[in-house]
Amino acid sequence: MSSLWVSIVAVTLACAAIKAAGPILAGGRELPPRATAVLGLLTPALLTALVITGTFGEGGHLTIDEKALGVGAAAIAVALRTPVIVAVVLAAVVTALARLFLG
């Protein structure tokens, strides 16, 4: 098993443990509204960090221009309130076309 799969499994298990710990630690009590608001912002913040790191980090076979075009297309699609799956597919298509014509 490669180190990538070990990392994926480790992150999956850690995420499941964290999700399970919440209800156990809260014991049926409601969280304060401020804590609920912060928890609601964690998912988009983490997703943004992953996209930025994956797009502009080192490694991979795509150039920064190709990646930026794909992310830009997805950002425009999200801004136009298209479903997330449409934005993801659009980003993949734009990135592939950029690689075909620019690469």
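The model is predicted, so local features need pLDDT of at least 70 and side-chain atom pairs count only at pLDDT 80 or more, while totals for chains, interfaces and linings use all residues. Residues are numbered from 1 along each chain as its sequence is written, and side-chain values use heavy atoms, with hydrogens and water left out.

**Exercise 1.** Describe how α3 and α4 pack.

Solution. 
Step 1. Two packed helices are described by the angle between their axes and the distance between the axes. Helices (H or I, at least four residues) and strands (E, at least two) are DSSP runs numbered from the N terminus. Axes are lines fitted to C-alpha atoms, for helices over the stretch in contact, and angles run from 0 to 180 degrees between N-to-C directions.
Step 2. For α3 (residues 64-79) and α4 (residues 84-102), the angle is about 150° and the axes are 8 Å apart.
Step 3. The two helices are therefore roughly antiparallel to each other.
Step 4. Contact means heavy atoms within 4.5 Å. On the α3 side it is made by E66, L69, G70, A73, A74, A77 and V78, and on the α4 side by A87, L90, A91, V94, T95, A98, R99 and L102.
Step 5. These residues divide into 11 nonpolar, 2 polar and 2 charged (Ala, Val, Leu, Ile, Met, Phe, Trp, Tyr, Cys and Pro are nonpolar, Asp, Glu, Lys and Arg charged, and the others, Gly among them, polar).

**Exercise 2.** Is G70 buried or exposed, and which residues does G70 contact?

Solution. 
Step 1. Buried means under 20% relative accessible area, exposed over 50%, and partly exposed in between (1.4 Å probe, protein chains only).
Step 2. G70 is in helix α3, and its relative accessibility is 2%, so G70 counts as buried.
Step 3. Leaving aside neighbours within four places in sequence, G70 is in contact with A91, V94 and T95.
Step 4. V94, in helix α4, counts as partly exposed at 23%. With residues up to four places away not counted, V94 touches L69, G70 and A73.

**Exercise 3.** Describe R81 by place, phi and accessibility.

Solution. 
Step 1. R81 lies in the loop between α3 and α4.
Step 2. Its phi is positive, about 65°, although R81 is not a glycine.
Step 3. With a relative accessible area of 76%, R81 is exposed.

**Exercise 4.** Check the span of α1 (residues 3-26).

Solution. 
Step 1. The expected span is 1.5 Å times one less than the number of residues.
Step 2. For the 24 residues of α1 this should give 34 Å, and the end C-alpha atoms are 35 Å apart, which agrees.
Step 3. Just after α1, G27 takes a positive phi of about 60°.

Definitions and conventions:
Parallel < 35°, antiparallel > 145°, perpendicular 65-115°, else oblique.
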